[in-house]
Amino acid sequence: MKIQHPLFSQVALAQDLPEYNLKRGNVATIVEHYPMPEGEEDGYSLEGFDLPHVTIEVPASQIIPIAQWQQEEMILAKLRQLSGARLLQLQDYLDFLLQKEESEHQSSLKSPT
């Protein structure tokens, strides 16, 4: 299921756009939505970025809700405070959780409902 961002909502860039000198986390306003057929990625026109009279078109994967970006930044800030040993422990734990998630997903595909 595709996530559709509402018109005139503010979003953050998920990745840098060097051709426009924009960085991940820069905020803009959605001014147009371009729905695409199933299996293709929707597009959006964005304005803002402190660039007057400039509209940038991006695929849906290029933008994220501001709240999600802020949450990711808070998590990254906490990660930067961890020692190397704690980062290794966290990586092992995350690998464990991902394996468990994958295992549960595979089990749900096999069992009839």
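Leu 46 touches Val 11, Leu 13, Ala 28, Thr 29, Ile 30, Val 31, Val 54, Thr 55, Ile 56, Val 58 and Ile 63, leaving aside residues up to four places away in sequence; a contact here means heavy atoms within 4.5 Å. The model is a predicted one, in which local features need pLDDT of at least 70 and side-chain atom pairs count only at pLDDT 80 or more, while totals for chains, interfaces and linings use all residues. Residues are numbered from 1 along each chain as its sequence is written, and side-chain values use heavy atoms, with hydrogens and water left out.

**Around Leu 46**
- You will find Leu 46 in strand 3.
- Leu 46 is buried, with a relative accessible area of 1%; buried means under 20% relative accessible area, exposed means over 50%, and partly exposed is in between, using a 1.4 Å probe and protein chains only.
- Val 27 sits 19 residues from Leu 46 in sequence, and their C-alpha atoms are 9.3 Å apart in space.

**The chain as a whole**
- The chain holds two helices and five strands, where helices (H or I, at least four residues) and strands (E, at least two) are DSSP runs numbered from the N terminus.
- Reading from the N terminus, the order of elements is β-β-β-β-β-α-α.
- The chain is more spread out than a compact globule, because its radius of gyration is 18 Å, well over the 13 Å that the globule rule gives for 113 residues. That radius is taken over C-alpha atoms, and the rule is 2.2 Å times the number of residues to the power 0.38.
- Along its principal axes, the C-alpha trace spans about 50 × 45 × 20 Å.
- Of the 113 residues in the chain, 22% are buried.
- Taking contacts between residues at least 6 apart in sequence, 38% join residues at least 24 apart.

**How the strands pair**
- Strand 2 (residues 27–34) and strand 3 (residues 43–48) are antiparallel partners over six bridges; two strands pair if DSSP finds at least two bridges between them. Here Glu 32 stands opposite Ser 45 of strand 3.
- Strand 3 also runs antiparallel to strand 4 (residues 51–59), joined by six bridges, and Gly 43 has Pro 59 of strand 4 as its bridge partner.
- Strands 3 and 4 form a hairpin with two residues between them, and Phe 49 in the turn has a positive phi of about 55 degrees.

**Positive phi values**
- Most residues other than glycine have a negative phi.
- Phe 8 has a positive phi near 65 degrees. Phe 8 belongs to the segment before strand 1 (10–13) and is exposed, at a relative accessible area of 60%.
- Asn 21 also has a positive phi, near 60 degrees. Asn 21 lies in the loop between strand 1 and strand 2 and counts as exposed at 64% relative accessibility.

**Charges**
- The chain carries 8 positive and 17 negative side chains, and the centres of the two sets lie 12 Å apart.
- Lys and Arg count as positive and Asp and Glu as negative, without His or the chain ends; each charge is placed at NZ of Lys, CZ of Arg, CG of Asp or CD of Glu.
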